[in-house]
Amino acid sequence: DGSVVSYVTMEYYMLNKPQGVVSATEDHKYQTVIDLIDGKNRKDLFPVGRLDIDTEGLLLITNDGPLAHRLLAPKKHVDKIYYAVCEGHVPDSAVLEFADGILLPDGLKCLPASLEILNKTEDEGRKITEIKLTIREGKFHQVKRMMEAVGCPVMFLKRLTMGPLTLDESLKPGEYRSLTEEELEWLNDL
């Protein structure tokens, strides 16, 4: 009837997830990450993994189940890098603790992780530490639980990378773009 019909089998979006939005396909209370993707052609999109409602940063949105499995499978140990602002001064000993695989108070032994202490400051008596943390698994609230285990609760958390994907710095929270051919090739090499 003169209208353009388009069909794509797979869609891939890089989203800079904002705070206040849930990593779900539908929710009756909160806006979802899928709601943010205006230009989608498919109705079967889902987030690859989850970020807490108060966490922002890189989230892959797709309908490619096998790719999601490769990125999330525990045996694959895909690196994820987070930037966090924590309350208190993270002890230097935490770097070795994390490298050895920290044991959390609830008994979970984390896989070895790489902790980089970026900056320690004190403002009006309030101690703050900025860190970069690379983990190879994605347990429930893992980064927050790891930081609480060393006495420095997370105040702000943002995922910067997931496997070969790095958050596009030009994307403001809530913005997204399609993955590039190069990024898709990197993901196919997993």
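This is a predicted model: local features need pLDDT of at least 70, side-chain atom pairs count only at pLDDT 80 or more; totals for chains, interfaces and linings use all residues.
**A walk through the fold**

Now step back to the whole chain. You can count four helices and nine strands, and going along the sequence they come in the order β-β-β-α-β-α-β-β-α-β-β-β-α. The C-alpha atoms fill a box of roughly 70 × 40 × 30 Å along the principal axes. Of the contacts between residues at least 6 apart in sequence, 66% join residues at least 24 apart.

What about the inside? Buried residues account for 42% of the chain's 190 residues. The largest nonpolar core has 32 residues, and Ile61, Phe98, Leu133, Met146 and Met147 touch the most other members. Two or more residues of this core come from each of strands E1, E3, E4, E6 and E7 and helices H2 and H3. Take Met146 as a guide: leaving aside residues up to four places away in sequence, Met146 touches Phe98, Ile102, Leu104, Cys110, Ala113, Leu133 and Ile135. There is also a second, separate core of 16 residues, including Val48, Leu179, Leu184 and Leu187.

The chain exposes about 10,600 Å², with carbon and sulfur atoms supplying 50% of that. As for charge, there are 23 positive and 32 negative ones, and their mean positions are 4 Å apart.

Notes. Residues are numbered from 1 along each chain as its sequence is written. Side-chain values use heavy atoms; hydrogens and water are left out. A nonpolar core is a set of buried Ala, Val, Leu, Ile, Met, Phe, Trp, Tyr and Cys residues joined through side-chain atoms within 4.5 Å. Buried means under 20% relative accessible area, exposed over 50%, partly exposed in between (1.4 Å probe, protein chains only). Contact means heavy atoms within 4.5 Å. Accessible areas come from the Shrake-Rupley method with a 1.4 Å probe; for residues, only the protein chains shown count as cover. Lys and Arg count as positive and Asp and Glu as negative; His and the chain ends are not counted. The place of a charge is taken as NZ of Lys, CZ of Arg, CG of Asp or CD of Glu.
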